[in-house]
Amino acid sequence: MRSRTPRGNAPHEIVERALELSRADGCVVIAEERSSANLRWAGNALTTNGVTRGRSLTVVATVDGGQGTASGVVSRTAVTAADLEPLVREAEAAARAAGPAEDAAPLVSGAAPAKDFTDAPAETSSAVFDAFAPALGESFKRAGDGGRELYGFAFHEVVSTYLGSSTGLRLRHDQPTGTLELNAKTPDRTRSAWAGLSTRDFRDADPLAMDAELATRLGWAARRVELPAGRYETLLPPSAVADLLVYQQWSATGRDAVEGRTVFSRPGGETLVGSKVAELPLTLRSDPGAPGLECAPFVLAHASGDDASVFDNGLPLEPTDWVRDGELRRLVTTRHSAGLTGLPVAPGVDNLILEGGGSRSLEEMVAGTERGLLLTCLWYIREVDPASLLLTGLTRDGVHLVENGEVVGAVNNFRFNESPVDLLGRAVEAGRTERTLPREWSDYFTRAAMPALRVPDFNMSSVSPGV
C-alpha cells in the first residue's frame with residue numbers, strides 16, 4: 001500500500017532539499033516514514049486497536065579540518081520542509097564544535113540510485129489483519145469453551161527508509177515487521193503458557209493453531225512438580241535460543257575483542273576468530289536476502305559506536321557467516337574498526353540464522369529425551385560478566401518435566417546463569433531451524449531463525465517464584 005504525501009513534503013523531496021541546504025563538506029540524510037497497526041486483547045475479548053503514522057529525519061554533517069574530519073548528527077521526528085534549514089544548520093554546528101571523528105572515513109559512493117527512490121512510502125493499515133482477525137475471534141470462542149483466557153497483541157509496522165548523500169547515494173528500503181504474542185491462562189492464574197510469531201504480513205499467522213499449542217501446554221501444567229536448583233538436561237526452544245544468540249551477536253564486536261574486553265578476546269590483542277566454539281557443525285549467519293527474513297541490504301547508521309559508523313551509511317551488506325561449522329569466522333566491524341584490528345569489514349545485519357544440520361522438530365526431540373526440562377521462553381535477561389558473556393535471566397510461562405519421551409508435568413521457574421558462547425560449545429543436539437520470535441528482544445530484533453538446542457547441563461542457578 002502506498003501513501004499520498006503533499007507535494008514538496010514527500011520523503012525523497014525532504015532528503016533532496018536537506019542535501020541542497022547543506023554547507024558542510026559532506027552530508028548524509030536518512031528519512032524514515034513509519035506506519036503501524038495493532039490489535040490488543042485480554043480475557044478472550046479485543047480491547048484496543050489503532051493505526052499510527054510518523055516520520056523521522058537524521059542529518060549527518062561532516063566538516064574537514066586541519067586535524068581531521070568531524071561529524072555532527074541531529075535526528076528529529078515529525079519533520080516538514082519548513083523545519084529543514086534549522087535542522088541542517090544544527091548538524092553542521094555540531095560537527096564544527098566536535099573534535100575530529102575517530103571513525104572518519106570517506107562517505108560511501110558508487111551505488112546506482114534506487115529505481116523507486118522517488119516513489120511514495122509503503123504503509124500498512126488495519127487491512128493487514130483482515131484474515132487474521134476472524135481467526136482470532138474464533139480462537140477466543142474456543143478458548144472460552146475450553147476454560148482458558150487469551151491475552152496478547154498483534155503489531156505490524158512498515159518503515160520506508162530513504163538515504164541520500166552528497167556523494168550521490170540515493171537508496172531506498174521498505175521494511176515490514178510483524179509480531180504476534182499470545183498468552184493463555186487458567187481463570188485462577190495458576191497456569192500460564194506463551195507462544196509468539198514473527199511475520200512480514202500476518203498471512204502465516206494462525207491463532208487457532210497457536211491456541212491449540214497453548215491448550216496442550218496448560219494441560220501439561222495440571223501436574224506440578226517441585227525441583228531444586230541445579231544443572232539439568234534442557235531443551236531450549238527456538239525462541240529461547242534466539243534471545244541468547246541475539247545478545248551474543250550484539251556483543252560480538254571486533255574492536256572490543258581485540259582490546260581484550262569480551263568473551264571473544266585472546267591475550268596479546270588476538271581474538272577467537274579461527275577458533276572452534278562449538279563441537280556441533282553449527283553455522284550462525286546473517287543474510288539481507290534470507291527468505292522471510294529480508295532486511296536492509298545496506299548500512300543504516302544513525303549514530304557511531306563500536307558496532308556502527310555514520311561514515312558507513314549506504315555501505316552494501318553481504319551474506320555473512322559469523323560462525324561456520326562450529327568455527328568463529330567473523331566479528332562485527334565498521335570500516336574504521338576493521339582498519340584498527342586487521343579484521344575483515346563485516347557490518348551488522350538485521351537478521352540472524354542458526355543452522356546445525358538437524359532435522360528433528362522440538363516434539364521429536366522431546367520424544368527422544370529420557371529425562372530433562374523443556375523450556376517455553378526466557379525473560380529479563382541481563383549481562384553479569386562481559387569477559388565471559390555470562391548472562392542471567394528467568395524462565396517464564398512454563399518449564400516442563402520430560403520423562404521417557406513424554407511431558408509429565410510442569411516444574412517451578414528458575415533463574416539461570418549461562419553464557420551463550422559456552423552453551424554453543426556444550427550443546428549436543430540441534431533440531432530443525434525455523435523462524436522464531438525472540439521474546440525478550442522482540443521490541444528490537446524480530447528477524448531470527450533458530451533450531452531447538454539440547455544442552456546436557458543447563459545451569460538453573462536458583463528457584464524463582466511465579467508462573
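1. In this predicted model, strand β11 (residues 283-286) and strand β14 (residues 352-355) run antiparallel and are joined by three bridges. Within this pair, leucine 284 has leucine 354 of β14 standing opposite.

2. These two strands belong to an open sheet of six strands, whose order is β13-β12-β11-β14-β21-β20 and whose pairing is mixed. At the edges stand β13 (327-328) and β20 (434-436), and because each of them has a single partner strand, one side of each is left without a neighbour in the sheet.

3. Strand β1 (residues 26-42) deserves a separate look, since 13 of its 17 residues are buried, so that the strand is largely enclosed by the rest of the structure. For a reader new to the term, a residue is called buried here when its relative accessible area is under 20%.

4. β1 pairs in the antiparallel sense with strand β2 (residues 45-65), over 17 bridges, and also with strand β4 (residues 149-165), again in the antiparallel sense, over 14 bridges. Alanine 37 can be followed into both pairings: its bridge partner in β2 is valine 51, while in β4 histidine 156 stands opposite alanine 37.

5. Between β1 and β2 there are two residues, and the two strands form a hairpin. In the turn, glycine 43 has a positive phi of about 55 degrees.

6. The largest pocket holds about 1400 Å³ of space. It is lined by 41 residues, and those closest to its centre are Leu300, Asp350, Tyr444, Phe445 and Arg447. The elements that give two or more residues to this lining are β1, β4, β5 (170-185) and α5 (238-250). By class, the lining of the largest pocket comprises 18 nonpolar, 14 polar and nine charged residues.

7. By class, the lining of the second largest pocket has 14 nonpolar, seven polar and eight charged residues. Because domain 1 and domain 2 both give residues to its lining, the second largest pocket lies between them.

Key:
Residues numbered from 1 in each chain as written. Predicted model: local features only at pLDDT ≥ 70, side-chain atom pairs only at ≥ 80, totals over all residues. Heavy atoms only, no water. Buried < 20%, exposed > 50% of the residue type's maximum accessible area, 1.4 Å probe, protein only. Helix = DSSP H or I, 4+ residues; strand = E, 2+ residues; numbered from the N terminus. Pairing = 2+ DSSP bridges. 1 Å grid on protein atoms, 1.4 Å probe; cavity = no way out; pocket = protein on both sides within 12 Å on 5 of 7 lines; lining within 4 Å. Points joined across faces, edges and corners; volume = space filled by probe spheres on them. Nonpolar A, V, L, I, M, F, W, Y, C, P; charged D, E, K, R; others polar. Domains from an automatic or database assignment.
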